[in-house]
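Hello,

Here is the structure I promised to pass on to you. My notes on what turned up in it follow below.

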There are 2 protein chains.
Amino acid sequence: MAEKRYLFTPGPTPVPPEVLEALSRPIIHHRSSDFREIFGRCLDRLAEVYRTKGDVLVYTSSGTGGMESAVSNLTRPGDRVVVVSAGHFGERWATLARTFGCEVDELRYDWGESPTADDLAERLRELGGAKVVFTTHSETSTGVVADVQGLAAAAKDAGALVVVDAVSSLGAVPLETDAWSLDAVVSGSQKALMSPPGLATVSVSAAAWHAVEADSSPRYYFDWTRARERQAAFDPAFTPAVSTLVGLDVALGLLLAEGLEQAFERHARLGRACRAGVKAMGLDLFSPDDDRSAVVTAVIAPDGIDSGELVQTLRDRQGIVLAPGQGPLKGKIFRIGHIGYYDAFDITTALAGVELTLSELGAEIERGAAVTAALEAFEHTRV
Amino acid sequence: MAEKRYLFTPGPTPVPPEVLEALSRPIIHHRSSDFREIFGRCLDRLAEVYRTKGDVLVYTSSGTGGMESAVSNLTRPGDRVVVVSAGHFGERWATLARTFGCEVDELRYDWGESPTADDLAERLRELGGAKVVFTTHSETSTGVVADVQGLAAAAKDAGALVVVDAVSSLGAVPLETDAWSLDAVVSGSQKALMSPPGLATVSVSAAAWHAVEADSSPRYYFDWTRARERQAAFDPAFTPAVSTLVGLDVALGLLLAEGLEQAFERHARLGRACRAGVKAMGLDLFSPDDDRSAVVTAVIAPDGIDSGELVQTLRDRQGIVLAPGQGPLKGKIFRIGHIGYYDAFDITTALAGVELTLSELGAEIERGAAVTAALEAFEHTRV
């Protein structure tokens, strides 16, 4: 029998069968009424998920392409920007902003720390303001979900634009584009939006449109103004990933049928279940033990176990795919993603696999407790 | 019954059922051995289709993203470049190069004309050379397939790098990346590669690598150097469109199983069949009546018929999707694409639909001759 695979990486994430079916439908032309209907519905549904009355631009690219678009459309070489950074994806903002010639001030935390609004407010005071503050909502490399509402308020108080990497958070944890005054929010199809990778989405506020730089670094593919003009006619500037859009349309329908608040609650309970199981095994959490950590559970590998070897062994022996640690956390932590199409029994599968494999690798852990603890935590808690 | 659709647009093109099936498989992680095996095979197969021993980079983007990568990696603001332009996509090269600050000399033809190597050689002599010559292999907007071999030789004689837009030609008509000394060839997944849109491919020659500008305009997502480093480990820099890559792998397998030469011959015969049918109806061709025009057949709408109305009516009444004229050809021509997954009976369907609808719209055309003429031309000619 072909080995089954269980995908627990924090992106790409499993795609529901309804969406897989949609991906296998015959190709449609992107300049046809068939497409315009689907594309228009996608844009409406995205605005609902983003909770915005503003524009949501769609690019055929990874999430990083969406991030680049925010940097290249909102900044000019020499602009002072602040990057709030506490992990791999925070550092990507800094690299992108430096690549595009910004004068980057990094409010940098150790990987795994939670940025605070007070620190940002103080830094902005010291600097006398900044044009843009770049932040990360869910830092996928550590499992930390930042208080973007607080960070955004601090940035707006200082007169800065707020740009948010919400690639792994949008649709999984609460995010209010308009109510929190977020100027650009970047996400991707392959996380809580339950679709294959290949599409980046970027919301743009009225203030951000006002700040778009005509004389900045050259940009063409990721130019916001062209994208908006063409999307207004449901006629994308460049051939989009039509199959992925057809799938995304179905996936967004599933997400909105569940209800955004219900999806947020489900993710919070998945996080609780995962943390309860991990602790019942006697392992230590790396990501915070709080309800905001609903996206990725990061766990410290027990003494004597290399987390990379654990991930490799789980993959090879059980078909269970977790994520290893990145950067300074390589070898030290492993990450269980539960973003999107997951329920309680996905969590118990991941935990049972971890328990078995750690035991086989010789770690001293508690056997037989994790699955029960996880189900208890999932069933008997409400957010 | 749900209305059937017949897709004859020159991209996206129909996708074989084997590829549609592959698209609907469960998502795999892009940093796993499952993925590395598929990605490695895709890269090998792409090199075979490109006929190159050099690198073929893969980007999650439309073909335009691949075009932008060639401009941003090979030029600096102020560089003199020549753009050979005879239609919509030639003009895109000029726009891109100007956006990135190049001093653009356009060797510009009317839409539908065929560029010649002599014209290019003369222009390069007048200019005293250029850093890069940008060309279009198959100008999808007109159906003209240019003599890229000759154009490349003229450019190389003048010491310029040669960049080719082969988005709608690669895999359909002969293209020899190494033998013709092409420095960068841009293509896409959604034409003769018989996959959904969402992936751009770019070959890079040794000379092109040597010319990559470190201090050019800022670039990050489309940076060639990073893409090469990461592809060497089958570990893409950014989350790629994994489902589309899984499909592309299957599609490239089908193309290579047919054989490249056999695919080129099939496309030439499809072009002959389409032209024979169109002429049998009494219509005039817009694209050249020669064997190189094997990708798109462009046809002049008969007197009194707006080609946009014809395309719309065919779509609404018959479910047959052709492409209208673009730019200066709007309303004047219609285009029948036959790139990729097509056989003779696709051509007869398109022709039968055109014949019926033109007749309904009141055009004076010959009835009952096109299908037979097309099948005769397809069956009884060899390239």
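**Starting from one alanine**

A:Ala130 sits in the loop between α5 (117-127) and β5 (132-136) of chain A; helices (H or I, at least four residues) and strands (E, at least two) are DSSP runs, numbered from the N terminus. Before going further, please note that this is a predicted model, in which local features need pLDDT of at least 70, side-chain atom pairs count only at pLDDT 80 or more, and totals for chains, interfaces and linings use all residues. Residues are numbered from 1 along each chain as its sequence is written, while chains are lettered from A and ligands numbered from 1 in the order in which they are written.

Is A:Ala130 buried or exposed? A:Ala130 is buried, with 24 other C-beta atoms within 10 Å. (A residue is buried if 20 or more other C-beta atoms lie within 10 Å of its own, exposed if 12 or fewer, and partly exposed in between; C-beta atoms are placed from the backbone.) Leaving aside neighbours within four places in sequence, the contacts of A:Ala130 include A:Arg80, A:Val82, A:Asp105 and A:Ala160, where contact means C-beta atoms, placed from the backbone, within 7 Å. A:Val82 is 48 residues away from A:Ala130 in sequence, yet their C-alpha atoms are 6.5 Å apart.

**The sheet of chain A**

Seven strands of chain A form an open sheet with mixed pairing, in the order β2-β10-β9-β8-β5-β3-β4; two strands pair if DSSP finds at least two bridges between them. β2 (55-60) and β4 (103-108) of chain A are at the edges with a single partner strand each, so one side of each has no neighbour in the sheet. Direction ignored, neighbouring strands of this sheet are turned by 20 degrees against each other on average. (Axes are lines fitted to C-alpha atoms, for helices over the stretch in contact, and angles run from 0 to 180 degrees between N-to-C directions.)

β2(A) runs antiparallel to β10 (residues 199-204) of chain A, joined by six bridges, and A:Tyr59 has A:Ala200 in β10(A) as its bridge partner. Helix α3 (residues 63-74) of chain A packs on the sheet and touches β2, β5, β8 (161-165), β9 (184-188) and β10 of chain A. Helix α6 (residues 148-157) of chain A lies across β3 (80-85), β5 and β8 of chain A, at about 155 degrees to β8(A).

**A covered strand**

In strand β15 (residues 333-337) of chain A, five of the five residues are buried. A:Ile333, A:Arg335 and A:Gly337 point one way from β15(A), and A:Phe334 and A:Ile336 the other way. Strand β12 (residues 296-300) of chain A runs antiparallel to β15(A) with five bridges, and A:Ile300 stands opposite A:Ile333. β14 (residues 323-324) of chain A is also antiparallel to β15(A), through two bridges.

**Where the chains meet**

How many residues does each chain bring to the contact? Chain B and chain A bring 45 residues each. On the side of chain B that touches chain A, α3(B) gives the most, with four residues.

**The whole chain**

Chain A has 13 helices and 15 strands, and 58% of its 383 residues count as buried. Its C-alpha trace spans about 60 × 55 × 35 Å along the principal axes.

Best wishes

Key: Two residues are in contact if their C-beta atoms, placed from the backbone, lie within 7 Å.
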